[in-house]
Amino acid sequence: NWMIQAIEQRRQTMLRTMHVILDRQREFFEKGIHYLRPLTLKEVADEIGMHESTVSRVTNEKFVQTPRGVFRLKFFFSSGLSTEEGEDVSARGVKARIQELIDREDPQDPLTDQQIVEQLKSEGIQIARRTVQKYRDQLGILSSRYRKRVK
């Protein structure tokens, strides 16, 4: 009986955690990665009335199948940046946007980190040049100097 109760309790914790993730990340599921919102383990833990470490254990090495693909549950936990309107955007969403900008750039005149900052600023995302550099490095993208291709 104890084992069955423990399994059921874990299942309930997982369901409650998933309901919070689904609620907070609804726009991501409907519209895509650019709509991923910042979310912390602590926020979920507070919402379901459990300790942060419990939420961490419940989401560790777990996956969820969605219409957008299969994701690690940890994927939905991300730090954030602010927009000019005061909204929060996920760091993962900003990284995806940086990747898109670089994918579409002119190979003979690649975007500098400052130009990326200016483009994101025009889209309402406040970000420092050093943060763009950090995200670019995390994505494995070289600096504009090394991305330039000569015909």
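Biologist: Which residues make the nonpolar surface patch of about 410 Å²?

Modeller: W2, M3 and I7 make that patch. Bear in mind as we talk that this is a predicted model.

Biologist: What makes I7 exposed?

Modeller: I7 has a relative accessible area of 54%. Exposed means over 50%, so I7 counts as exposed. I7 is found in helix α1.

Biologist: Let's turn to charged pairs. How do you know that E43 and R24 meet in a salt bridge?

Modeller: The N to O distance between their side chains is 3.9 Å. A salt bridge needs a side-chain nitrogen of Lys or Arg within 4 Å of a carboxyl oxygen of Asp or Glu, so this pair qualifies. E43 lies in helix α3 and R24 in helix α1, so the pair ties together parts that are 19 residues apart in sequence.

Biologist: Which other residue forms a salt bridge with R24?

Modeller: That is E47, with the closest N and O atoms 2.8 Å apart. This pair links R24 in helix α1 with E47 in helix α3, 23 residues apart.

Biologist: Why is R24 called partly exposed?

Modeller: Its relative accessibility is 32%. Partly exposed covers what is between buried, under 20%, and exposed, over 50%, so R24 belongs there. E43 at 33% is partly exposed, and E47 at 46% is partly exposed.

Biologist: What makes R147 and E105 a salt bridge?

Modeller: Their side chains meet at 2.8 Å, N to O, and the cut-off is within 4 Å. R147 lies in helix α8 and E105 in the loop between α5 and α6, so the pair ties together parts that are 42 residues apart in sequence. R147 is buried at 11%, and E105 is buried at 14%.

Biologist: Which residues do salt bridges with shared partners join into one network?

Modeller: They are R97, E100, R104 and E123. The count for the model comes to 13 salt bridges.

Biologist: Now for helix α5. How do you know that its reach is close to the expected span?

Modeller: Helix α5 has 13 residues and reaches 18 Å from its first C-alpha to its last, and 18 Å is expected at 1.5 Å a residue. S90 caps the N-terminal end of α5, with a side-chain oxygen 3.0 Å from the backbone nitrogen of R92.

Biologist: What is the phi of E61?

Modeller: E61 has a positive phi of about 60° although it is not a glycine. Most residues other than glycine have a negative phi. E61 sits in the loop between α4 and β1.

Biologist: And why is E61 called buried or exposed?

Modeller: At 53% relative accessibility, E61 passes the limit of over 50%, so E61 counts as exposed.

Methods: Residues numbered from 1 in each chain as written. Predicted model: local features only at pLDDT ≥ 70, side-chain atom pairs only at ≥ 80, totals over all residues. Heavy atoms only, no water. Helix = DSSP H or I, 4+ residues; strand = E, 2+ residues; numbered from the N terminus. Expected span 1.5 Å × (residues − 1). Polar contact = N/O pair within 3.5 Å; in protein donor to acceptor, adjacent residues only side chain to side chain. Buried < 20%, exposed > 50% of the residue type's maximum accessible area, 1.4 Å probe, protein only. Patch = residues over 30% accessible without salt bridge, like charges linked within 9 Å, V, L, I, M, F, W, Y side chains within 5 Å. Areas by Shrake-Rupley, 256 points an atom, 1.4 Å probe, with all protein chains shown as cover.
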